[in-house]
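Hello,

Here is the structure I promised to pass on to you. Please have it open while you read the notes below.

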Amino acid sequence: MAKHGCLPSYHYSPLLIQALRYQLIFGVSPLLSKHAIALFKAITLLTTVCVLLACSAPPRNASLYSEVMSPLGVSGIRYWDGESKEITGHDLEAEYQQILLGRESRGEQQLSEINHLALSGGGINGAFSAGVLNAWSDNGTRPEFDLVTGVSTGAIVSIFAYLGSDYDPVLKRYYTETSMNSLFEVNGIWSLLGGKTVLNTQGFERQVRSYVNADIVQKIASERSKGRLLVIGTTNLDNEKMSMWDIGKIAQQNNQQAVSLIQDIIIASSSVPGAFPAKSLEISDGEQAYEELHVDGGVSRQVFLVPQWAYHSAYLEDLPQQVYVIRNGPLKPHYRVIENNLTEISLRSLSTMIRNQGIGDVEHIYHFSQRHHLGFHLAYIDSDFPLISEEAFTQQYMNSLYQYGYQKTRDAAIWEAVPPSLKAI
C-alpha cells in the first residue's frame, strides 16, 4: 500500500498494517511487536510534523453549560463520575430505590440478591469476557444482572451481557469471527498530515449500528422497564470527566434519536485516542444544543462499578449483593527485555501505566465492596495465558483467548475473591 503526495511515498507491508490494527485500535498492551514499533516510529514522526504545521479542525459549538443539560430533554439520562447529584439535580439513588421497590411489588423478581457486572476495556481482549459469559451460561450458574457497566470493548460486551444468555452466540461471533479488514483501514500518510487519525473506522461504525439496531434498543428498553440498569462510560475531553450513560433510559425514549445516541455512545466509548477519531456528541435539551467531544471511557477508568456516591443506601443494606468484575487484560506484571530507545521505552511505559490504572480501578471496586459488605468476584487474564506468541494480533489469538476464558469458567477456576495486587506473597 502506498500513498503519494508532497512527501516521499511510504509502503506498509500487510504484516505491518495488521500489527497496527491490533496494536493501536485496541489500546497499547504488553503485546508489542517489532512491526508495531516500527510503524509507531513513523507515526510519531508524522505527528510531530503535523503539530509543527498546526493541523486543526473547525471550531465546535461547545459550552461548559452542556454538562448540566439533560440530553434528549430527559432528566437522569447521564451522570458524571466523581460528581454528586447537585451537578444535574437528579437523585439517582432515590430513583434506583424506586426501581427496586417497583420491581418487587410487581413480583417480576424476588429480590433476594442484587447482582452487578462490571466489564473493562481491553480491545481484542474482549474475547476473554465473551468466553467467560458463554461458559457461565453453559454452567447454568449465570445470574440475571441487576446492573451492568462497560467501557471501551466492555461497552460492546455489556449490551449482550445485559440482554442475557440468549445473546451469547452473537457475542461469541463478534469476537471470534469478525474480520478486522472489514472494520478498519489504515489512513495514508497524507491523511495523517491533514490531521486525521491513524485509522478509518467507518466499517466499525457500520457494524456497531448493525448489531445495536432499533430492535435491540427496544429490547434494552423492555429490560429497563423491569428495573435493570445498563450504564456505559465515555470520556468527555472538554471537561475531563467520565460521562455515565443510562442506556436503558435512553432506549425508553422510543425514537430514532435515542437509537442513534446509543450507537454513538458505544462508538465513542470504544474510540482509542489517536487511532480512532473522537466522537462528537450533540447534547440538546430541546431548547439549546452543544457539541461535546468524547473518546474511550477507558481514558477515565479501565472499569467502573457505579457512580458510587449514588448506589449505597440503607434500603440496599438489607439485600445481599454480589459484584462481578471482568478485566479484559492482565493484572500481573510481565517480564520482557526492553531496548533502550525512545520508542520502546514510550510504548512500554504506556502499557505499564494502563495496566496499573486497571489495577487501581479494580482495587477501588474491591475496597468499595468490602466497605459495604458486598461479595466480590474478579476474573482477569492470568499469567497462564501466553500473551506473547506468534499468533498475537490475529483471529487465532482471539479464538485462543475466548477458549481460555471459556475453559477456566467451565472448570470453576475463573473467579478470585481478592485482586492479585492485594494478595500476600
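This is a predicted model: local features need pLDDT of at least 70, side-chain atom pairs count only at pLDDT 80 or more; totals for chains, interfaces and linings use all residues.

Let's start with the helices. Helix H6 (residues 168-176) packs against helix H14 (residues 395-410) at an angle of about 145°, and their axes are 9 Å apart. On the H6 side you will find Lys-172, Tyr-175 and Thr-176, which meet Gln-395, Met-398, Asn-399 and Tyr-402 of H14. Sorted by class, this contact has 3 nonpolar, 3 polar and 1 charged residues.

Now to the rings: there are 14 aromatic pairs in the structure. One of them joins Phe-128 and Tyr-404 in a tilted arrangement, with 6.0 Å from centre to centre and 35° between the planes. Phe-128 belongs to helix H4 (residues 126-139) and Tyr-404 to helix H14, so this pair ties together parts that lie 276 residues apart in sequence. Phe-128 counts as buried because its relative accessibility is 0%, and Tyr-404 counts as buried at 10%.

Another pair, Tyr-366 with Phe-376, is edge-to-face, at 5.1 Å centre to centre and 80° between the planes. Here Tyr-366 sits in helix H13 (residues 342-371) and Phe-376 in strand E13 (residues 375-381), 10 residues apart. Tyr-366 is buried, at 11% relative accessibility, and Phe-376 is buried too, at 5%.

Two more things to look at. Phe-160, Tyr-167, Tyr-174, Tyr-175 and Tyr-211 make up one aromatic cluster; Tyr-175 is also among the H6 residues that meet H14. Finally, Arg-228 lies over the face of Tyr-162, 4.5 Å from the ring centre.

Best wishes

Definitions and conventions
Residues are numbered from 1 along each chain as its sequence is written. Side-chain values use heavy atoms; hydrogens and water are left out. Axes are lines fitted to C-alpha atoms, for helices over the stretch in contact, and angles run from 0 to 180 degrees between N-to-C directions. Helices (H or I, at least four residues) and strands (E, at least two) are DSSP runs, numbered from the N terminus. Contact means heavy atoms within 4.5 Å. Ala, Val, Leu, Ile, Met, Phe, Trp, Tyr, Cys and Pro count as nonpolar, Asp, Glu, Lys and Arg as charged, and the others, Gly among them, as polar. Rings of Phe, Tyr and Trp (its six-membered ring) pair if their centres lie within 6.5 Å; planes under 30 degrees apart count as stacked, over 60 as edge-to-face and the rest as tilted. Buried means under 20% relative accessible area, exposed over 50%, partly exposed in between (1.4 Å probe, protein chains only). A charge sits over a ring if NZ of Lys or CZ of Arg is within 6 Å of the ring centre and within 35 degrees of the ring normal.
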